[in-house]
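Please keep the model open in your viewer and follow the selections below in order.

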Amino acid sequence: MARNSVGRDLPEQIPGYGPVRPFSGHKARIPEGNRAGGKLKATFNDRTDKTVKDIKEAIKASGLRSGMTVSFHHHLRNGDYVVNQVIDACAEMGIRDLTLFPTALFGVHKALIPHIKSGVISRIMGSVNGPIGQLASEGGMESPVVLRSHGGRPRAVVAGDVKIDVAFIASPSADRYGNLSGRIGRSACGSMGYAVTDAEYADCVIAVTDNLVPFPLTPVSINQTKVDFVVAVDSIGDPAGIVSGTTQVTRDPMRLLIAHHAAALIESSPYFKDGISFQTGAGGISLAVAAFVREVMKARGIKGSFGLGGITSFFVDMLKEGLFEHLMDVQSFDLVAVKSIAENPNHVEISADWYANPWNSGAVVNMLDTVVLGATEVDRNFNANVNTEADGALLHGIGGHQDTASGAKLTIITTPLLRGRIPCVVDDVYTVTTPGEVVDAIVTEFGVAINPLRQDLIDAAKDAGDVPLVTIDELAERAHKMSGPMEPVATKDRIIGVVEWRDGTVIDVVRQLDK
Amino acid sequence: MKLRRTMLYLPGNNPNMLLRGWLFGSDGLILDLEDAVSIHEKDSARILVSRILREGEFGSCEVTVRINGVDTEYWEKDLEAVVPFGIDGIRVPKVEGPETVKAVDEALTRIEKEAGLTVGRTKICCLLETAQGIWNAYDVAKASPRVDAICPGGEDLTADLRTQRSDEGTELEGPRRQVVLAARAAGIDAFDTVFPRINDDEGLIRETTFIKQLGFDGKSVIHPRQVPIIHSVFMPTEKEIDRARRIVAAAKEAAERGLGAVSVDGRMVDAPVVKRAQFTLTRAGFFEEVQ
């Protein structure tokens, strides 16, 4: 057993995961050696058409066998048909014991549960939630789920921690020679940023599209030099589940109050000036923060530099209004964002590696001034949990939480003090996703707690006078008083989830629920 | 000289809002047992509000409870559940004449005595939601020393007047003037009714500007986002603040020099004007200058 720097006791080995390298600080691990190499390939002028008849033929041609690792991206979100279609085909072809390496899974992928139970899928490395999260939490998977951030995942690929045998890339448009784009097509999803590293490092890359266009498709998200086979299917997804219409700012008064406090904190900070860069999630509070910040930027004549991350219509409007010079888009959340990335040269598609990988020569998160994040719960040490629910079940992936928190100069986590009667500011989070050392402030409706490590921000907020400052202990005590005592989660010893820090060290583990 | 610009309604069946209402920065809170609560939830809401009054926090807000009307079976139970916690006041709906106030006054006296509270501490704000109520506004205002404010109705009153609410609020203009007049004659406060269109900021600013000009002390508020908007309308202008400062300074100087009369800009000002100037500074947030 070893104790990592956020106080978690970890075994030296975890069955189904391997040796454990304990987390020891957000910038502590420096890699050595070279990047992992992909397979060399030669293609000559006798091969000018990469299309194959169907998914099964592509699987056959790829050489995929039992025990291998297959990867997918989640740009089609809850509208995705491709993961289920591919695994169904594998099952029919008798392929078993697969490691599934998606960037994320959604509710629609609950159709995989029979394949997990029958052994077609034996391991998942990627975020799980809903029914699959519940299944894993109750011990229904052979190997633990491995959770990595948006930057940690390409890092693991580049470093060779994960070798992708076959990458299946759902592509809203493709030509016969393997140029891929998310910009157009009935299933358009905008950016295809999560799939880029997979395309570069997988031994075999299969594009699955429902919009085959004449060569050459341009501009591309992923170019022909990476793609081995192209399969045209009737539909890769349900457009209604891929993107929402437009993203709405919350009208809930409590959430607006939290957003108002967060915006006041941003305004008070030294980063609120010309050239500010900014990332928020698409959640209700985050968008409301952006809405308040936008108004103040307009009122004070401040022009930002870039907006980053998952891009919504809200950021697109700010680009159009000149409040941002550029949008750096790893994931386009709504139709407006999809249209914008297709039409506006200042709305730039970036890969997850470019966005957030700590092990390259510089990710965009390092240039970020301010990020507004959420969390299931936070604790007295400013640690944040986004992975598990109050009942201890796996709830959510890490997303860019760790990466942006680590990179940004001002990391804000907004959360109600309680959700229902469940406290969200606690003594010690159940799972540490992001360590307190990279979290600068917790913003609740009952006030703003700034990390004592950031005396500069505390002083700036005091000077501004309109940030309702409290201490983290006051928040935790108030939450406890309002909720009453909570029963601790009952677990078995068996580890069913491993939460990696973005550098591949283990920051926490999730244990099987005792039910 | 307490500020009463915004009195925010909190639904009596919503623990989230009841526990957090004070965070929205209104001058007062109205924990609502009447219209916000369906007939099936009257008992549970009463218990919830009672618990929140015992254990909850309200910051510096004036705390009042809107009880059910005296024509219902609930109003005395409501009073018994909330008055013992020493709230600042109650709002009584559909008051039509002094006899209603007297009945509530008697019940309050009994409950205050039983709870060991100072008799008379619980104030009454009367909602005048019918033509008859508006007609009797002055008599209602004078019916008990507990009555410290009156407030016209919105929807109910409009219906009783056999008209509809318009964007301009023409139909409520007369009742509003009557309420201010009666309140001032009786020496109490006048609150305006709620502005129901919660996303119409322009409309809210227009209406608040109008009722401020009529002389209202403040407004009932249906949604927290309206609070800062109303406060900004009630915020005195730089010119008003400047003049108020000079009046208060002159009054102070006159008092120090033992002079009875106060002169500002070469004109004599009397005590009510000084008081008004102090109130302007209070509204502007300069509390210490008034001390």
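Which residues have the most contacts inside the largest nonpolar core? In this predicted model, they are A:Ile169, A:Ile206, B:Cys126 and B:Ile150, and the core to which they belong has 239 residues.

Now return to A:Ile206 and display its surroundings: leaving aside residues up to four places away in sequence, A:Ile206 touches A:Ala58, A:Ser62, A:Val166, A:Phe168, A:Ile169, A:Asp228, A:Phe229 and A:Val231.

Then show chain A by itself, where there are 15 helices and 31 strands. Its radius of gyration is 22 Å, close to the 24 Å that the globule rule gives for 515 residues, so chain A is as compact as a globular protein of that length. Buried residues make up 59% of the 515 residues in chain A, and of the contacts in this chain with a separation of 6 or more, 73% are between residues 24 or more positions apart.

Bring chain B back and colour residues 6-234, assigned as domain 1, separately from residues 238-290, assigned as domain 2; the C-alpha centres of these two domains of chain B lie 32 Å apart. Finally, select the contacts between the chains, where eight residues of chain B meet seven residues of chain A, the chain B side being made up of four nonpolar, two polar and two charged residues.

How values were computed
Residues numbered from 1 in each chain as written. Chains lettered and ligands numbered in written order. Predicted model: local features only at pLDDT ≥ 70, side-chain atom pairs only at ≥ 80, totals over all residues. Core = buried A, V, L, I, M, F, W, Y, C linked by C-beta atoms within 7 Å. Buried ≥ 20, exposed ≤ 12 C-beta atoms within 10 Å, placed from the backbone. Contact = placed C-beta atoms within 7 Å. Nonpolar A, V, L, I, M, F, W, Y, C, P; charged D, E, K, R; others polar. Domains from an automatic or database assignment. Helix = DSSP H or I, 4+ residues; strand = E, 2+ residues; numbered from the N terminus. Rg over C-alpha atoms; globule rule 2.2 N^0.38 Å.
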